Amino acid sequence: MNKIVFSIDCKSLFVILTVLFSSYASAQQNYVIDNNNHFWDKVQFGGGIGLGIGSGYTDISVMPSAIYNVNEIVAVGVGLQFGYLASKNYYDSFVYGGSLIGLVNPIPEIQLSAELEQVRVNTDYEATDYRPAFSDNFWNTALYLGAGYRTGNVTIGARYDVLFNDEKSLYGSAFMPFVRVYF
């Protein structure tokens, strides 16, 4: 009689385990593993191009950048910058470097920004009657805080360099208007 009870118990246990594992196996089939990388779906590219040519003056700028949209409100990114400025019979200057960008859209139409920019400035001044030729090479660090109106992929606004130094800054003013476009 003990053999019959043991045999019935083993069969019952086998049936219960089979049902549990089969339901576990079917539950596992309901989960689909998505191996697609959605990183690039959240990346936008943009930047700026500048060209200024005047009487003896040249200003050419190329500033590509890319941002990653963390969600609908926050984006982070990086940017590169290259510029050439020249004033006839006065100086030639090369500017190159990069930046870290943070964007916040508290509402879709408003964009707040913070950008830490580090650029190298290499300027060669020509000799004049008053001074000999010389070079001025330095790093310029700027921390821009800004705000703008956003419509679609375009933001128009202004930013302010909170690290601005009137004596050693690359730019003539801490305040700068901007147009930002990302695709």
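**Group meeting: aromatic pairs, salt bridges and a surface patch**

From the N terminus on, the elements run α-β-β-β-β-β-β-β-β. That comes to one helix and eight strands. Helices (H or I, at least four residues) and strands (E, at least two) are DSSP runs, numbered from the N terminus.

A word on the source. This is a predicted model, where local features need pLDDT of at least 70 and side-chain atom pairs count only at pLDDT 80 or more, while totals for chains, interfaces and linings use all residues. Residues are numbered from 1 along each chain as its sequence is written, and side-chain values use heavy atoms, with hydrogens and water left out.

Burial next. Of the 183 residues, 25% count as buried. Buried means under 20% relative accessible area, exposed over 50%, and partly exposed in between, with a 1.4 Å probe and protein chains only.

Now the aromatics. How many aromatic pairs does the structure hold? Eight. Rings of Phe, Tyr and Trp (its six-membered ring) pair if their centres lie within 6.5 Å; planes under 30 degrees apart count as stacked, over 60 as edge-to-face and the rest as tilted.

Take F39 and Y68. Their ring centres are 4.9 Å apart and their planes are at 15 degrees, so this pair is stacked. The pair links distant parts of the chain. F39 is in the loop between α1 (2-30) and β1 (43-54), and Y68 is in strand β2 (residues 57-69), 29 residues apart. F39 is partly exposed, at 36% relative accessible area. Y68 is partly exposed too, at 24%.

Next, Y91 and Y125. This aromatic pair is tilted: 5.9 Å centre to centre, with 50 degrees between the planes. Y91 lies in strand β4 (residues 91-107) and Y125 in strand β5 (residues 110-125), so the pair ties together parts that are 34 residues apart in sequence. Are these two tyrosines, Y91 and Y125, buried or exposed? Both Y91 and Y125 are buried. They also belong to a cluster: Y90, Y91, Y125 and F134 form one aromatic cluster.

Two arginines sit over rings. The test is NZ of Lys or CZ of Arg within 6 Å of the ring centre and within 35 degrees of the ring normal. The charged end of R159 sits over the ring of Y144, 3.7 Å from its centre. R180 lies over the face of F178, at 4.2 Å from the ring centre.

Side chains of opposite charge can pair when their charged atoms come close. The cut-off here: a side-chain nitrogen of Lys or Arg within 4 Å of a carboxyl oxygen of Asp or Glu. A search of the whole structure finds two.

Which residue does R159 pair with? E115, with the closest N and O atoms 2.9 Å apart. R159 lies in strand β7 (residues 154-161) and E115 in strand β5, so the bridge ties together parts that are 44 residues apart in sequence. Both R159 and E115 are buried.

The other bridge joins D136 and K168, with closest N and O atoms 3.4 Å apart. D136 lies in strand β6 (residues 134-151) and K168 in the loop between β7 and β8 (175-181), so this pair ties together parts 32 residues apart in sequence. D136 is partly exposed, at 23% relative accessible area. K168 is partly exposed, at 38% relative accessibility.

Back to strand β5, with L112. L112 is partly exposed, at 38% relative accessible area. L112 and G146 are 34 residues apart in sequence, yet 5.7 Å apart in space, C-alpha to C-alpha.

L116 is in strand β5 as well. At 39% relative accessibility, L116 counts as partly exposed. L116 is one of the residues in a nonpolar surface patch, with V78, L100, L145, Y160, V162, L163 and F175. Together they have about 750 Å² of accessible area. Accessible areas come from the Shrake-Rupley method with a 1.4 Å probe, and for residues only the protein chains shown count as cover. Patches are made of residues with over 30% relative accessible area and no salt bridge: like charges are joined within 9 Å, nonpolar side chains (Val, Leu, Ile, Met, Phe, Trp, Tyr) within 5 Å.

Last, a backbone item. Most residues other than glycine have a negative phi. N89 has a positive phi, near 60 degrees. N89 is in the loop between β3 (74-87) and β4. At 55% relative accessibility, N89 counts as exposed.
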